[in-house]
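Q: I have a model open and want to go through it with you. Can we start with how you use the word "buried"?

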Amino acid sequence: MGRVAKSAAPAVELPVGEHTVRVSNPDRVYFPELGVTKLDLARYYLSVGDGIVNALRDRPCMLHRFPKGLPGGKVHQKRVPAGAPDWIPTVRVYFPRYGRHADELCVHELADVIWAVQMSTVEFHPWNSRASDTESPDEWRIDLDPMPDCPWSRVQRVAGVVHEVLDELGAVGWPKTSGGSGLHVYVRIAPEYGFQEVRRAALAFAQEIERRAPEDVTTAWWRKDRDPAQLFVDYNQNARDHTIAAAYSVRGVPEATVSTPVRWTEIDDIVPRDFTIQTVPDRYAELGDLQADMDNAVFDIAPLLELADRHGVEELVDLDEQ
């Protein structure tokens, strides 16, 4: 007589606001090293609900899905997966490179996030513009991306320079760990410029950081031209359709690290790998969303565009057309 197949655990229904999200295969292990399941992932996002919604609200969002958990590999999904209920909000965006449109998830409330988790989403990667005008970014992103031999102490040191220059500009920066070995700093900006101008402003800022910390920083675009011990200030994360993991997004790595907002005063003391799906809920319960007030600190990038003019920063190739 053949062996009877083990039946899957019954689906779990999670009430989320006005909706109920049915989580199928709740005991499917997504992070084998930690034993973290699909239901654990959903409960994590519920624990940081306001934070993840604030990070994603009204933005086109690419999903990094792991239908079989981490061992089964990642699916980069721009289009909302088939079978979405009619209450899931979307926004249509155009991709000139392919001459095609895609209807991407556009989170309005926490139930939208939990539904995406039901569809095996681990990471959320929002645009830096909103549905009301997808071609005008309202978020300038400073990506401090360490090269393979760059020590964390260098990232910490450069973060201090970034903070100094932002203060001089009168801009409020909101730092977070990347979930990897780097840091991201977001600045809310007025949605009055296109991607090209925002990226040019971001390059002017990156070059200013390089001028102040030439031993630590590179802005060389080609990887072969970068010192492997330096930190790359990746201004191209401001290009159209370039996305990075949202604040409070879990990362699809064995340790289940989380891209976690931090205070500037914490950066000298933190170790990024300490922020995980297992530790961030308690931190969030204590501190709340450290980026909750970002919309109240809007910066006009005009001084950066003037800096770009002074230093001869040229118009950049539109990466989305390549």
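A: Buried means under 20% relative accessible area, and exposed means over 50%. Note that this is a predicted model.

Q: Then take Asp241: buried or exposed?
A: Asp241 is buried, because its relative accessible area is 16% and the cut-off is under 20%.

Q: Where is Asp241 in the fold?
A: Asp241 is in the loop between S14 and H6. Its phi is positive, about 65°, although Asp241 is not a glycine.

Q: And what is phi for Tyr248?
A: The phi of Tyr248 is near 75°, again a positive value in a residue other than glycine. Tyr248 also lies in the loop between S14 and H6. Its relative accessible area is 3%, so Tyr248 counts as buried.

Q: Let me switch to aromatics. How many aromatic pairs are there?
A: The structure holds nine aromatic pairs.

Q: Which residues form an aromatic cluster?
A: Tyr44, Tyr45 and Phe124 form one aromatic cluster.

Q: What sits over the ring of Phe232?
A: The charged end of Arg226 does, 3.6 Å from the ring centre.

Q: New topic: Arg188. Where is it, and is it buried or exposed?
A: Arg188 is in strand S12, which covers residues 183–188. With a relative accessible area of 5%, Arg188 is buried.

Q: What does its side chain pair with?
A: The side chains of Arg188 and Asp295 are joined by a polar contact of 2.7 Å. Leaving aside neighbours within four places in sequence, Arg188 is in contact with several residues, including Arg59, Arg130, Asp138, Glu139 and Met294.

Q: Tell me about Met294. What does it touch?
A: Not counting residues up to four places away in sequence, Met294 touches Glu139, Trp174, Tyr186 and Arg188. Met294 lies in the loop between H6 and helix H7 (302–310), and its relative accessible area of 4% is why it counts as buried.

Q: Now the whole protein. How many helices and strands?
A: There are seven helices and 14 strands. Buried residues make up 56% of the 322 residues.

Q: What about the radius of gyration?
A: A compact globule with 322 residues would have a radius of gyration near 20 Å; the protein has 20 Å, so the two agree. The C-alpha trace spans about 80 × 40 × 40 Å along its principal axes.

Definitions and conventions: Residues numbered from 1 in each chain as written. Predicted model: local features only at pLDDT ≥ 70, side-chain atom pairs only at ≥ 80, totals over all residues. Heavy atoms only, no water. Helix = DSSP H or I, 4+ residues; strand = E, 2+ residues; numbered from the N terminus. Buried < 20%, exposed > 50% of the residue type's maximum accessible area, 1.4 Å probe, protein only. Polar contact = N/O pair within 3.5 Å; in protein donor to acceptor, adjacent residues only side chain to side chain. Contact = heavy atoms within 4.5 Å. Phe/Tyr/Trp six-rings, centres within 6.5 Å; stacked < 30°, edge-to-face > 60°. Lys NZ or Arg CZ within 6 Å of the ring centre and 35° of its normal. Rg over C-alpha atoms; globule rule 2.2 N^0.38 Å.
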